[in-house]
Amino acid sequence: MTGVLEHLWNARFVAAAALVLMLVLGVGRAHALQDRAVEATAVRLLDDGKSTTFELTISKGLTAQVYTLANPYRVVLDLPQMDFRLDAAAGKTGRGVVSAFRYGLFAQNKARVVLDTTGPVGIVSAGMTRVPGSKAMRLAVVLVPMDAAAFGAGTGALLAAAEPADLGSDLAPPESADRKHKDHAKPVIVIDPGHGGIDPGALGANNVAEKSVVLAVALQLKAALLKTRRYDVKMTRTDDVFVSLERRLKFSGENDADLFISLHADSIEEKSIADSIRGATVYTLSDRASDEQARIMADKENASDLIAGVGSAKNDGGEEVKNILIDLLKRETSNFSADFSHVLAKRLGQAITMSRIPRKSAAFKVLKQPHAPSVLVELGYMSNSTQEQEMMTSDWQSKVAEAIASAVQSYFSKRTAAQP
Ligand code: ZN
């Protein structure tokens, strides 16, 4: 038995482009995984000039799928849920054909590692071996560069896009799917904390992840709104799990949202200006970005699915944006979004620092909602270390939550008053 465990998978697959490898380690052991969480305790990249090895040390054997993706070129490892107890800097720098990597929860019961590669690569071998003298296993994936023609295109794309349905609790479909807008007893507010799981979002000066800050604010906002007893509040995620942009949109539609609030935070890489830039910005949807910085911001936020290994840059291009434009013809929704962004920028400005231009617009995918007025808030810049520290405090988070909640109150009281 032990012999089998130690060396189950080590096939060679240099030429095949569409690689989907199953690493099954100890078939009978798969159930035991549910009992105790697997831990990833160490990770490293090795390169000998010919091949690059990604090596992950895990507390026990497991089942994994390893496959390649194109546009951009990546290697994805799909794993059971696990705790990543790795160095905070892990994955930020690359080696050999791996330029960087990310890891995290992809869905409630599924973890994922995404390796960004410098070009098309082939998987030479993928396997697990026992770490001598311990129960831990070492999962190793060996990669070599190959030319684009041999690689093919989008090899594991279908696997990568398969998002399991059992996500955070709020993601369950509403009780009655055909519930109509007018039947709402209370307005439905959908709070959308950006990123999550394998997609950390922006990283602050001291490595605080955007996904954590926005989830903390979202939970406080939910509490603040529920306190008023006037709203039905739903969240696209309630813990550190990845949710695709498409799923966020679908969730909003299924819940017949009356207002959609997406929460984000930014970070800029240019060290020379990182300290001088701070403040919040409220974004609404537009076909053409209000300025160059807004366009870059939308590109950044729209890349969330790519970062998690879902979709490809090829499919995320112009067509999508054109559809946004068509939906923008839904003028009423767009006007309501503008109304809310107005009052939101004002209320936020009374509580926290706003950026120089506090209201902007750009083609954010997550705002592509013909049915619901929607805004995306960049709460601040975590590249400014003072602001990063502040954003981590519960005090700041509750200040923001209260300001957004009061904007919601003001927006709905106006809308109610305007109705005949
Ligand atoms: Zn973001």
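This tour moves through the structure one selection at a time.

The model is predicted, so local features are reported at pLDDT of at least 70 and side-chain atom pairs at pLDDT 80 or more, while totals for chains, interfaces and linings use all residues. Residues are numbered from 1 along each chain as its sequence is written, and side-chain values use heavy atoms, without hydrogens or water.

Histidine 264 lies in strand β13 and glutamate 301 in helix α8 (residues 292–302), 37 residues apart. Helices (H or I, at least four residues) and strands (E, at least two) are DSSP runs, numbered from the N terminus. Both histidine 264 and glutamate 301 are buried, that is, under 20% relative accessible area, with exposed meaning over 50% and partly exposed in between (1.4 Å probe, protein chains only).

**Helix α5**

Next, select residues 210–227, which form α5. Its end C-alpha atoms are 26 Å apart, in agreement with the 26 Å that its 18 residues should span at 1.5 Å a residue; the expected span is 1.5 Å times one less than the number of residues. Among its buried residues are Glu210, Val214, Leu221 and Leu225. Arginine 229, which follows α5, has a positive phi near 60 degrees.

**The largest nonpolar core**

Now select Ile261, Phe340, Leu348 and Val408, the residues with the most contacts inside the largest nonpolar core, which has 43 residues. Such a core is a set of buried Ala, Val, Leu, Ile, Met, Phe, Trp, Tyr and Cys residues joined through side-chain atoms within 4.5 Å. Helix α13 gives the most to this core, with 10 residues. Isoleucine 261 touches residues including Ile189, Leu221, Phe340 and Val408; contact means heavy atoms within 4.5 Å. Apart from this core lies another, of 31 residues, among them Leu79, Ala90, Ala126 and Met137.

**The open sheet**

Finally, select the 5 strands that form an open sheet of mixed pairing, in the order β6-β2-β3-β10-β9. Two strands pair if DSSP finds at least two bridges between them. Strands β6 (82–84) and β9 (121–130) stand at the edges with a single partner each, so one side of each has no neighbour in the sheet. Within the sheet, β3 (residues 52–58) and β10 (residues 137–145) run antiparallel and are joined by 7 bridges. Isoleucine 58 has methionine 137 as its bridge partner in β10.

Conventions. Lists of a residue's contacts leave out its neighbours within four places in sequence.
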